[in-house]
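My entries follow in the order in which I made them.

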Amino acid sequence: MSRSNVPDAPSIHGLWATRWVFILAAAGSAIGLGNIWKFPYITGMHGGGAFVLVYLLCVLLVGVPIMIAEILIGRRARVAPINAVTMLARESGISKRWGLMAWLGTIAGILILSYYSVIAGWALHYVLQMASGAFVGADAATATNSFNTLKASPLLMLGWHTVFMAMTIFVVARGVQAGLGRAVTWMMPMLGILLFALVGYAMTTGHFMQGMHFMFDVDFSKITGESVLVALGHSFFTLSLGMCAIMAYGAYMPKQQSIGAATLITAGMDTAFALLAGLAIFPILFAHGLSPDQGPGLMFITLPLAFGGLPLGALFGTLFFVLVILAAWTSSISLAEPFVAWAVEKGVGRVKAAVLIGAVSWFLGIFSLLSFNYLSVDVFAIGGKSIFEAMDFLTTNLLLPVGGLLVAVFVGWGVKETKMMKELGMNNQALYIAWRIAIRVIAPLAILAILLNFLGVLGTAR
Ligand code: TRP
């Protein structure tokens, strides 16, 4: 699949066809359930404005510099993250054990994929539900009941989880370029348009300003050490950072592309999608007298309500959930890619590697889906959380920030600066210095402070 029209040495997996394909792939990975499903519900659970502000600061001060660093590692090495980090460590004469960092990330990806696929499966279920007209004229009780029924049916969830995992494996097995490069080009703009339309509808609910206030009025008394950690973790989750996904994609990036510009565009689009999703969902929620701390069901309850009350709602609702699935799909493949690329470099066939990792992840996902019914918190709890909650918390809020911290230290302090500078090719000296300070000092300190603060809070609470 290598492309002869690309003027530099490609990785053995091929290269993205053009600069835009890289940006679309990175944005496709970033924009997903994290933006449409997760961001609104965690904002709701952590009190709104102050949480949003902390999240935005984390994206800018921690996420963006680390994304640049991840892409840098990938593009310089042109191999799978595990091999890339080991190779650059050797080149700079530092310990090869840094490779463990990429192992950690690769494994985190598989864990995240396991529950990500369960939630994406919910969206698949809702496509059929919307299309059947089940929500035409629905009220809050109908929408809530419908979601509860889904959560109570492990077999239904297992079916959809299986379908989504198969979709993911299918694309990863074919190679990222052929399947995804093409699809994201038209899917993402369409999702954007529908989201704008939904915000337009939210404006007509009469509760738009209430939604705005909830999202943007900053009241720090509403957040805790845990909220700050969740905001940090989410900035990693939503930008696909901390587990080498963007690093893997960076390996396929054309040489002449500007890493800084690609990062800013990706992060900007991702943030816009999250804020728009919030502006669509909260007004609808308030208009129906529902509370914002619904948890993971938030999107699955509010959107059917919104579409149920609209002319042609069944049609547009179906379309919307189809696009949510497409967004999730372009993200889930990036969770599997680091492992698959590594396996391919070890000589395993791409198809075999994709099926293997899909099967492992599928199996793990079963525990998450059972935690919504048979294995609920009352039956089986890990630190007071259900299996799904614990998986999400552990991966998003601990593994990803730790992964990001290691990337920052590796690029900021570990590898030789001259080599990296050349790869980055940043012409603007001031921007370069800003990035350097961010990656060496600001990002690591911020992550450490937030992690320690959280652990300290835990310590005093016990
Ligand atoms: N960013 C995606 C989302 O918001 C999820 C995702 C894809 C991800 N790849 C990742 C999260 C890598 C963490 C790490 O839905």
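**Ligand site**

I began with Thr238, of which a backbone N or O atom lies 3.3 Å from a nitrogen atom of the ligand; a polar contact here is a pair of N or O atoms within 3.5 Å. I then noted that the model is predicted: local features need pLDDT of at least 70, side-chain atom pairs count only at pLDDT 80 or more, and totals for chains, interfaces and linings use all residues. Residues are numbered from 1 along each chain as its sequence is written, and side-chain values use heavy atoms, with hydrogens and water left out.

For Phe237, I found a backbone N or O atom 2.7 Å from a nitrogen atom of the ligand. Ser334 instead places a polar side-chain atom 2.9 Å from a ligand nitrogen atom. Taken alone, the ligand exposes 370 Å², and the protein buries 100% of that (Shrake-Rupley method, 1.4 Å probe). I listed 18 residues around the ligand, the closest being Ala30, Gly34, Tyr116, Phe237 and Ser334; a residue is listed if one of its heavy atoms lies within 4 Å of the ligand.

**Helix α10**

I next traced α10, residues 225-239; helices are DSSP runs of H or I with at least four residues, numbered from the N terminus. Its 15 residues reach 22 Å from first C-alpha to last, close to the 21 Å expected at 1.5 Å a residue (1.5 Å times one less than the number of residues). Of these 15 residues, 14 are buried, that is, under 20% relative accessible area, where exposed is over 50% and partly exposed is in between (1.4 Å probe, protein chains only). Ser240 follows α10 and has a positive phi, near 60°.

**Nonpolar core**

Which residues touch the most other members of the largest nonpolar core? I found Ile66, Trp122 and Phe300, in a core of 170 residues; such a core is a set of buried Ala, Val, Leu, Ile, Met, Phe, Trp, Tyr and Cys residues joined through side-chain atoms within 4.5 Å. Helix α5 (residues 99-131) gives the most to this core, with 18 residues. Leaving out residues up to four places away in sequence, Phe300 touches residues including Trp37, Trp122 and Phe321 (heavy atoms within 4.5 Å).

**Two further residues**

Is Gln257 buried or exposed? I recorded Gln257 as buried because its relative accessibility is 4%. Gln257 lies in the loop between α11 (245-250) and α12 (259-287). Beyond four places in sequence, its contacts are Arg19, Phe22, Ile23, Arg75 and Ala262.

Trp186 sits in helix α8 (residues 176-203) and is partly exposed, at 49% relative accessible area.

Terms used
Helix = DSSP H or I, 4+ residues; strand = E, 2+ residues; numbered from the N terminus. Polar contact = N/O pair within 3.5 Å; in protein donor to acceptor, adjacent residues only side chain to side chain.
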